[in-house]
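Take a walk through this model, one element at a time. Keep the structure open and turn it as you read.

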Amino acid sequence: MKKLLLLGCVLLLMSSCVLGLKIFAAHYIDAKLRSATARVKERADIGFRDVEVRVMDMNLAVNDVHVTLPTGQKAHINTIIVHDIDVKHKPPLHAKVTLKGASMAVNEENLGSDYKDVKDLGYEELFADVDVQYAYVPEKQAFLLQDLRMDIMDVGVIHARIECFNFDLVKIKALNFDNLVVQQLFFAYEDHSLLRKLVQIAQVDEGEIIDFLVAGLREDIERARSRQQLQAASTMQEIIDYIETPTNVTIGVQLGQPTTIDQILMSKKITEIVKLFAITVDSTS
């Protein structure tokens, strides 16, 4: 009986210590975040309700986050979960973060004059869950987007991974991509409605352009087949099939071999793009 009582006291003491540590950590981080958001107020007005330290998984949760930019755009995020972050450097050299319940109204304030086009597609408000994990290695000038997943409710899901070298932060901030090498790149888009709606509208409003595009693709298919570029021909045929009968679709893009960002950006024709990337188009009814 005495052993059970002693064990109970120890457990109670440990629970009290954990709870006290949790409360202290939450208050400390809350103060640090509010101080940090105050310093960037000219660039963004950021507010939040509270901070929660989740002891079981050692994650940090920031709840009820509101963001307003100087240009007027506003967004709300139910919870930002910080799984891991580099606190020794600014900006952090690595981080893993989840945004749960991000939302933005479809209005002129947020999207400018384009908001009417988005509303016409049936979207009154955009909701998303976002997961992002990245790492930057300065001594190697290497940037790794290890995972990006953006699930936009009733619109589609974006998934991406990328690995770059010669990633100079000073040049990147100046939008200078000289010598930037893309070692690996993967991108996938699972359409829930957006692409299908856009193609259906184009079929009605821009029928001649769609016919011209399809005719050009058919010519490219014949050239690709004559050169034994069968994968490229197959991909272009899948694109035609989707344009003619838009359904649910998942588009996957994977870089075939390392290349510079300039070479990617200079690729205009579909035949040039399929030489760089392995492209899959998976349509389902």
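A residue counts as buried under 20% relative accessible area and as exposed over 50%, with partly exposed in between. The model is predicted.

Start with helix α6. This helix covers residues 207-226, which makes 20 residues. From its first C-alpha to its last, α6 reaches 29 Å. That is close to the 28 Å expected at 1.5 Å a residue.

Now look at which parts of α6 are covered. Ile210, Val214, Leu217, Asp220, Ile221 and Ala224 are buried. They sit on the same side of α6, because they cover an arc of only 120 degrees around the axis. An α-helix has 3.6 residues a turn, so residues three or four places apart point the same way. Turn to the other side of α6. There, Glu208, Asp211, Phe212 and Ser226 are exposed.

Then comes helix α7, residues 230-244. How do α6 and α7 lie against each other? Two packed helices are described by the angle between their axes and the distance between the axes. The axes of α6 and α7 come within 8 Å. They cross at roughly 160 degrees. Angles over 145 degrees count as roughly antiparallel, so α6 is roughly antiparallel to α7. The crossing of the two helices is left-handed.

One more contact leads on from here. The C-alpha atoms of Glu238 and Thr280 are separated by 8.2 Å. Along the chain, these two residues are 42 residues apart. Thr280 lies in strand β12, residues 277-284. With a relative accessible area of 47%, Thr280 is partly exposed.

Next, go back along the chain to the strands. Strand β5 spans residues 94-105, and strand β6 spans residues 125-137. They pair in the antiparallel sense over ten bridges. To find one of these bridges, pick Ala95: its partner in β6 is Tyr134.

Strand β6 also pairs with strand β7, residues 142-152. This pairing is antiparallel too, over ten bridges. Here Ala135 has Leu144 of β7 as its bridge partner. The hairpin of β6 and β7 has four residues between the strands. In that hairpin, Gln141 takes a positive phi near 50 degrees.

Most residues other than glycine have a negative phi, and most peptide bonds are trans. Where does the model have a cis peptide bond? The bond from Lys90 to Pro91 is cis, with omega near -5 degrees. Pro91 is found in the loop between β4, residues 74-85, and β5.

Follow the chain past β7. Asp154 is in the loop between β7 and β8, residues 156-165. This residue is not a glycine, yet its phi is positive, at about 65 degrees. Is Asp154 buried or exposed? Its relative accessible area is 54%, and exposed means over 50%. Asp154 is therefore exposed.

Leu175 counts as exposed, at 64% relative accessibility.

Terms used:
Residues are numbered from 1 along each chain as its sequence is written. This is a predicted model: local features need pLDDT of at least 70, side-chain atom pairs count only at pLDDT 80 or more; totals for chains, interfaces and linings use all residues. Side-chain values use heavy atoms; hydrogens and water are left out. The expected span of a helix is 1.5 Å times one less than its number of residues. Buried means under 20% relative accessible area, exposed over 50%, partly exposed in between (1.4 Å probe, protein chains only). The arc is that of the directions from the helix axis to the C-beta atoms. Two strands pair if DSSP finds at least two bridges between them. Axes are lines fitted to C-alpha atoms, for helices over the stretch in contact, and angles run from 0 to 180 degrees between N-to-C directions. Angles under 35 degrees count as roughly parallel, over 145 as roughly antiparallel, 65 to 115 as roughly perpendicular and the rest as oblique. A crossing is left-handed if the near helix is turned anticlockwise from the far one by less than a right angle, and right-handed if clockwise.
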